[in-house]
Amino acid sequence: MDGIWNLRSHPTRVRDYQDYPAWRRLTKAYIGEIAAQTGSHVIVPMTVLNPAYAAEMFTPLRTSPGLVHLALHADPKELGARIDASEEFPGDEASSEAVRAYRRRRAPEYAAAAAAWMHADGHVIDTSALPADAVLQTALTHLSPAHLTTADGVRP
């Protein structure tokens, strides 16, 4: 596949895609544009471990009406179990294990960020004992009903 540019082998590659300034700018712009276009909340399941990156992205978005920062948390034992059970590439155990290994390496960074700043910056929802549908319902209770819109544009 000559001629295809691949960041993984590029000399300027970084450890984490969030280290690319372009990723942060584009993510922030995309979220802001969707919120402005819909006049609704935008739910973005994302963990940003670097407090400077979080400030860079979230501070401008705080001017958006109805911004709610929710921090989803799982205790270390549950987080480990979820990582161990994940299968990102069905049928490709080696690739799935590579993703699990990466997540295991990053878990201590999450714990440190949660303790230092992340949980102080948003409303924490402990997902440790909650199934996914209960996490969503809990998150929705923190959003202003005036800003809720379903995928088809209907306000509940």
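These legends describe close-up views of a predicted model.

**View 1. Asp-16 and Arg-106 form a salt bridge.** The closest N and O atoms of Asp-16 and Arg-106 are 2.7 Å apart. This pair links distant parts of the chain. Asp-16 sits in the segment before α1 (21-38). Arg-106 belongs to helix α4 (residues 93-116).

View 2. Glu-109 has 28% relative accessibility, so Glu-109 counts as partly exposed.

**View 3. Arg-100 and Glu-93 join in a salt bridge.** Here the N to O distance is 2.2 Å. Arg-100 is buried, at 5% relative accessible area. Glu-93 is partly exposed, at 48% relative accessibility. Salt bridges that share partners join Asp-84, Glu-93, Glu-97, Arg-100 and Arg-104 into one network.

**View 4. The largest nonpolar core has 11 residues in all.** Its members are Val-48, Leu-49, Tyr-53, Ala-54, Met-57, Phe-58, Tyr-110, Ala-113, Ala-114, Trp-117 and Met-118. Helices α2 (51-61) and α4 each supply at least two residues of this core. Which helix gives the most? Helix α2 does, with four residues.

**View 5. Helices α1 and α2 cross at roughly 25°.** Their axes come within 10 Å. Are α1 and α2 roughly parallel or roughly antiparallel? The angle makes α1 roughly parallel to α2. The crossing is right-handed. On the α1 side, the meeting residues are Trp-23, Arg-24, Thr-27, Lys-28, Ile-31 and Gly-32. On the α2 side, they are Tyr-53, Glu-56, Met-57, Pro-60 and Leu-61.

**View 6. Gln-18 is buried in the segment before α1.** Gln-18 has 5% relative accessibility. Leaving out residues up to four places away in sequence, Gln-18 touches Trp-23, Arg-24, Met-46, Thr-47, Val-48, Leu-49 and Tyr-53. What does Tyr-53 touch? With the sequence neighbours up to four places away again left out, Tyr-53 touches Gln-18, Asp-19, Arg-24 and Val-48. Tyr-53 is also one of the residues of the largest nonpolar core.

**View 7. Leu-143 lies in the segment after α5 (132-140).** Is Leu-143 buried or exposed? Leu-143 counts as buried, at 9% relative accessibility. Leu-143 and His-69 are 74 residues apart in sequence. In space, these two residues are 9.8 Å apart, C-alpha to C-alpha.

Definitions and conventions:
Residues are numbered from 1 along each chain as its sequence is written. This is a predicted model: local features need pLDDT of at least 70, side-chain atom pairs count only at pLDDT 80 or more; totals for chains, interfaces and linings use all residues. Side-chain values use heavy atoms; hydrogens and water are left out. A salt bridge is a side-chain nitrogen of Lys or Arg within 4 Å of a carboxyl oxygen of Asp or Glu. Buried means under 20% relative accessible area, exposed over 50%, partly exposed in between (1.4 Å probe, protein chains only). A nonpolar core is a set of buried Ala, Val, Leu, Ile, Met, Phe, Trp, Tyr and Cys residues joined through side-chain atoms within 4.5 Å. Contact means heavy atoms within 4.5 Å. Axes are lines fitted to C-alpha atoms, for helices over the stretch in contact, and angles run from 0 to 180 degrees between N-to-C directions. Angles under 35 degrees count as roughly parallel, over 145 as roughly antiparallel, 65 to 115 as roughly perpendicular and the rest as oblique. A crossing is left-handed if the near helix is turned anticlockwise from the far one by less than a right angle, and right-handed if clockwise.
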